[in-house]
Amino acid sequence: MPKRTIDGARKLKMFAVKMLDMYHQGFGEIASQVIDYLVDNGPLVPEEVISRSLNARSNDVRKVLQVLSEHGLISFRRVANRDRERQGWYIDVENLEHVIKVRLEKVLEKLKAKMEAESNVQFYYCQHDGSKYTIDEAIEYEFTCPRCGMVLEEYNGVKAVEFLKKNIENVEAFLKGE
Ligand SMILES: [Zn+2]
């Protein structure tokens, strides 16, 4: 298999497992197995063959295939030649890189917007009850929580920004194929 295909499949797997675990809890593991199976045995693997080979519940496999295909990560195709018809699932590597790229670019945009917002954030808060105050309010209350009397803390946006920056770097590296 060409390197590009292996790379695409590896990225697809990381992405699909994360996505499935996020939206359909517990399906990440099956997604991982399904993708491995398609990479090793594709193209055009019928659903029954996947379920049987993985020894997984066919309803679960169907659900995973459905979700992966809704996100454009795998495709279904029917091929007919003279004597027989074959049909099944396959990984569309060409399309795949594009799909992942578009999605990650969206993630990147959101992360950057969030970081921008965080760097401009400055407020005071009460560690005890979580109430927040602007700087003017904090001065007015003499840096004491009006609800419970605790000393107000300055919100430290640096940590949040550092965390987001790390995430942004990861996504950017991923997009560059590092
Ligand atoms: Zn308080």
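In which element of the protein is confidence lowest, and in which is it highest?

**View 1. Confidence along the predicted model.** Helix 1 (residues 3–23) has the lowest confidence, at a mean of 64, and strand 4 (residues 132–133) the highest, at 93. Confidence here is pLDDT, the predictor's value for each residue from 0 to 100. For the protein the mean pLDDT is 80, with 83% of residues at 70 or more. Where pLDDT is low, the predicted coordinates should not be read in detail. This is a predicted model, in which local features need pLDDT of at least 70, side-chain atom pairs count only at pLDDT 80 or more, and totals for chains, interfaces and linings use all residues. Numbering starts from 1 along each chain as its sequence is written.

**View 2. Order of the elements.** The protein contains seven helices and five strands, in the order α-α-α-α-β-β-α-β-β-α-β-α from the N terminus. Helices (H or I, at least four residues) and strands (E, at least two) are DSSP runs, numbered from the N terminus.

**View 3. The largest nonpolar core.** A nonpolar core is a set of buried Ala, Val, Leu, Ile, Met, Phe, Trp, Tyr and Cys residues joined through C-beta atoms within 7 Å; buried means that 20 or more other C-beta atoms lie within 10 Å of the residue's own, with C-beta atoms placed from the backbone. This core has 16 residues, of which Ala-31, Val-34, Leu-38, Val-64, Leu-65 and Ile-74 touch the most other members. Helix 2 (28–41), helix 4 (58–70) and strand 2 (85–91) each give two or more residues, and helix 2 gives the largest share, five.

**View 4. Surroundings of Leu-38.** Beyond residues up to four places away in sequence, Leu-38 touches Val-45, Ile-74, Trp-89, Tyr-90 and Ile-91. Contact requires C-beta atoms, placed from the backbone, within 7 Å.

Notes. Buried ≥ 20, exposed ≤ 12 C-beta atoms within 10 Å, placed from the backbone. Contact = placed C-beta atoms within 7 Å.
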